[in-house]
Amino acid sequence: MPGDSLNINNKAVAQNTYDAIVVGSGISGGWAAKELAQRGLKVLMLERGREFVHIKDYKTAGYNPWEFPHRGRPTQEQLKPRPVIARTWGKSEGIMDYWAKDSEAPYTEIKPFKWWRAYQVGGRSILWGRQSYRWSDFDFEANAKDGWAIDWPVRYKDIQPWYDHVEKFAGISGSMEGLQHLPDGQFLPPMELNCVEKDVSARIKDFYKGQRHLIIGRAAHITAPHPDREQCQFRNRCWEGCMFGGYFSTQSSTLPAAMKTGNLTVRPWSLVSKVLYDKDTKKATGVEIVDAETNKTYEFYSKIVFLNASALNSAWVLMNSATDIWPDGLGSSSGELGHNIMDHHYNLGISGDVDGYDDKYYYGRRANGFYLTRFANLYGDKRDYLRGFGYQGSASRGSWSRDIAELSIGDKFKDALTEPGPWKIGMGGFGELLPYHENKITLDKDRKDKWGLPILAMDAELKDNEKKMRKDILEEGKAMFEAAGIKNVVTHDGGHEIGDGIHEMGTARMGNDPKTSVLNKWNQVWDAQNVFVTDGAFMVSSACQNPSLTYMAFTARAANHAVDELKKGNI
Amino acid sequence: MNRRDALSRVALLVGGSVIGAEAFLSGCKTATKYGESLNFTPEDIAYLNEVAETILPATDTPGAKEAKVGEFMTVIVKDCYEEKDQKTFLEGMKKLDEASTKKNGKSFMESTPQQRHDLLVDLDKEAKDYGKTKKPEDPNHYFSLIKQLTLWGYFTSEPGATKALRYVAVPGRYEGCIPYKKGDKAWAT
């Protein structure tokens with residue numbers, strides 16, 4: 001394993017030297033490694049957690065429901081070291097050890113914050129929701145038009161070819177809709193809406209005169225032959241890992257492509273504690289790691305460093321780096337590092353009953369739903385808050401867990417439950433959160449993790465704009481369902497703690513001005529231009545679309561720019 | 001089948017003599033105590049199986065007992081339940097049997113299938129009524145826990161998922177709109 005030599009002599013330095021170091025192996029880290037390795041760079045990918053091998057380590061993925069000792073429910077023993085995940089809906093017997101132990105790496109909640117962490121090769125790419133939507137110029141221009149925060153340094157035309165590039169490789173299924181606010185892409189065949197969803201879509205379109213769109217979700221699932229992977233088999237067991245490679249993950253997609261080049265080395269159990277910075281050249285020279293198993297410290301060297309440790313952890317690495325020059329860390333000269341943290345509205349929704357369709361059913365388990373696209377504050381629509389939201393949901397028939405009013409127990413009750421129940425429909429809102437300087441993460445210097453490293457303190461909350469939008473999400477959702485003939489429509493808002501949307505972002509934003517941003521438009525740290533941050537940290541606003549596809553596109557763009565700059569001798 | 005008949009059948013099966021027959025017979029007289037601890041006994045499991053079977057009896061498809069729902073309940077209660085629900089469940093095992101004595105003059109295990117059924121209909125109503133005014137911090141009703149575990153344990157078991165419902169491990173495709181006719185079984189997952 002690289003780094004085994006303790007004495008840093010010249011030979012060891014040579015052994016520990018690569019062209020590029022990628023910190024993190026999730027969605028964006030996988031992309032960085034693949035692009036850099038395919039361009040011929042020798043790449044070291046560092047992952048703080050364990051090795052996690054495609055197929056082999058998806059222990060429960062082939063289980064039938066009855067083969068789980070607890071039929072999918074987590075045990076108290078599994079929950080105990082994971083108090084954060086215990087507060088979420090993400091706890092399921094088969095995947096509990098995919099989540100990090102919060103007890104080993106705690107964080108301080110100045111305000112309530114849910115931080116879902118998966119520390120193993122592949123990171124959260126195994127566990128993501130797979131919804132994949134492009135941004136449009138409505139999103140890239142939003143800050144400038146609203147006069148909020150700072151302008152994005154890029155526009156759709158800059159990123160469009162990179163969306164094309166990543167979609168073709170990742171495999172995104174979806175329908176061409178011609179919507180200006182949700183650009184079409186390089187899609188594999190779409191999945192299908194079911195009968196009820198199709199009719200609800202048509203009724204909403206009709207009622208709102210073609211201005212509102214309920215479409216099939218755009219999902220990173222293979223729905224047509226795709227190199228080196230098998231098609232989605234509609235088992236809906238994605239989170240355990242897919243033995244078919246039916247959905248995009250580091251393991252199914254970017255990692256094998258990167259390995260194929262012969263240029264990639266992966267080192268698990270490598271907790272990057274800082275970026276090594278040379279004040280004379282004003283560049284990074286590599287990184288320092290703590291081996292998470294042995295607690296030993298090592299240094300690795302490279303010409304470029306990509307931080308893809310997830311929005312919060314990449315900011316944390318920067319805060320820990322070059323503190324002799326900048327007390328608040330590398331990239332802190334603007335005063336924005338760790339600030340402007342965003343997420344998406346989550347944990348609120350609308351549901352109701354659908355009359356009829358008793359003679360209709362579906363086949364297969366579609367790991368996808370419908371997407372009701374944004375309409376607020378678009379095309380002349382004006383609300384008492386900024387930005388917008390979408391909804392994701394599905395219609396289905398009642399299962400055995402439903403109540404049957406006139407039957408309580410016994411043979412008739414049992415027989416009734418063996419048949420599908422009436423149709424129901426539900427959807428959850430996903431909405432944009434604004435960036436606020438005061439929503440931030442900082443180092444809590446009084447507390448340490450298992451490895452003696454400082455931990456993060458979270459201090460972020462929803463504000464007035466978000467609260468107004470939350471209310472509107474429910475009101476508009478209810479109105480649309482009622483317009484579509486749904487009965488007994490109810491709304492619920494379970495409240496939102498930042499992190500609930502699992503879309504934390506914005507802690508090292510990009511911009512045109514080093515005085516107000518941490519990164520330039522190519523994701524380079526202004527203060528050390530051979531350091532790139534291409535996970536959610538770079539985001540300047542959050543839009544309302546699921547962000548992973550955008551992280552992929554920016555990462556591929558930045559990686560290719562890095563290689564170009566390296567070849568020109570600019571970094 | 002009464003207890004004496006049952007005993008003679010067992011005796012036939014094992015070739016004429018039953019060790020501990022006296023204890024088995026006298027069991028009719030001293031009430032069995034259920035739910036003494038989380039180390040569930042074979043008697044606990046047998047009892048829970050009969051409760052579950054009353055909720056989901058064998059029809060033209062297997063019942064809860066064949067799906068080993070009694071054992072399933074003990075595993076979940078022991079490993080997954082929080083302390084509060086564990087307590088409610090253990091006490092509930094006793095309360096259910098007491099309710100049987102009160103209503104039918106005999107223990108649940110001694111009751112006829114019809115008596116068992118009528119008892120659980122009452123308890124289901126009691127639990128639903130309790131649920132209507134229950135605050136989130138109030139304890140769950142024990143029968144709600146038992147019923148929930150029974151349904152979940154049964155319909156996710158192999159007999160439940162594959163015989164009472166339709167289970168396809170690898171569907172291979174999705175079709176959003178297919179015909180359904182009354183009597184077709186629901187998908188297991």
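Reply: Two strands pair if DSSP finds at least two bridges between them. The structure shown is a predicted model.

Me: In what order do the strands of the open sheet of three strands in chain A run, and which of them stand at the edges?
Reply: The sheet is open, its pairing is mixed, and its strand order is β3-β17-β16 in chain A. Within it, β3(A) and β17(A), which covers residues 454–459, pair in the parallel sense over two bridges, and Thr108(A) has Ala457(A) of β17(A) opposite it. Because each has a single partner strand, one side is left without a neighbour in the sheet for the two edge strands, β3 (108–109) and β16 (440–448) of chain A.

Me: Which elements make up chain B, and in what order do they run from the N terminus on?
Reply: Chain B has eight helices and one strand, and 34% of its 189 residues count as buried. Among its contacts with a separation of 6 or more, 51% are between residues 24 or more positions apart. Read from the N terminus on, the elements of chain B run α-α-α-α-α-α-α-α-β.

Me: Where on α4(B) do the buried residues fall, and against which elements do they pack?
Reply: Helix α4 of chain B spans residues 69–79, and its buried residues are Val69(B), Gly70(B), Phe72(B), Met73(B), Ile76(B) and Val77(B). Seen down the axis of α4(B), these fall within an arc of 160 degrees, so they line one face of the helix. The elements against which they pack are α3 (42–55), α5 (83–104) and α7 (142–155) of chain B.

Me: How many residues does the largest nonpolar core have, and how many has the other core that lies apart from it?
Reply: In soluble globular proteins, nonpolar side chains tend to be buried together. In the largest nonpolar core, the residues with the most contacts inside it include Ile21(A), Val23(A) and Val305(A), while helix α13 (548–568) of chain A gives the most to this core, with nine residues. The other core includes Leu56(B), Ile76(B), Phe155(B) and Ala164(B). The largest core has 153 residues, and the core apart from it has 44 residues.

Me: How many residues does each chain give to the contact, and which strand of chain A pairs with β1(B)?
Reply: The contact takes 40 residues from chain B and 38 residues from chain A. Among the elements that give two or more residues to the side of chain B that touches chain A are α6 (113–133), α8 (158–164) and β1 (175–179) of chain B, and by class this side has 23 nonpolar, nine polar and eight charged residues. In β1(B), Glu175(B) is the bridge partner of Tyr363(A). The strand that pairs with β1(B), in the antiparallel sense and over three bridges, is β12 (residues 360–363) of chain A.

Me: Is Ala528(A) buried or exposed?
Reply: Ala528(A) has its place in strand β20 (residues 528–533) of chain A. Leaving aside its neighbours within four places in sequence, Ala528(A) is in contact with Tyr277(A), Lys282(A), Lys283(A), Ala284(A) and Leu330(A). A residue counts as buried if 20 or more other C-beta atoms lie within 10 Å of its own. Because 25 other C-beta atoms lie within 10 Å, Ala528(A) is buried.

Key:
Residues numbered from 1 in each chain as written. Chains lettered and ligands numbered in written order. Predicted model: local features only at pLDDT ≥ 70, side-chain atom pairs only at ≥ 80, totals over all residues. Helix = DSSP H or I, 4+ residues; strand = E, 2+ residues; numbered from the N terminus. Buried ≥ 20, exposed ≤ 12 C-beta atoms within 10 Å, placed from the backbone. Contact = placed C-beta atoms within 7 Å. Arc of directions from axis to C-beta. Core = buried A, V, L, I, M, F, W, Y, C linked by C-beta atoms within 7 Å. Nonpolar A, V, L, I, M, F, W, Y, C, P; charged D, E, K, R; others polar.
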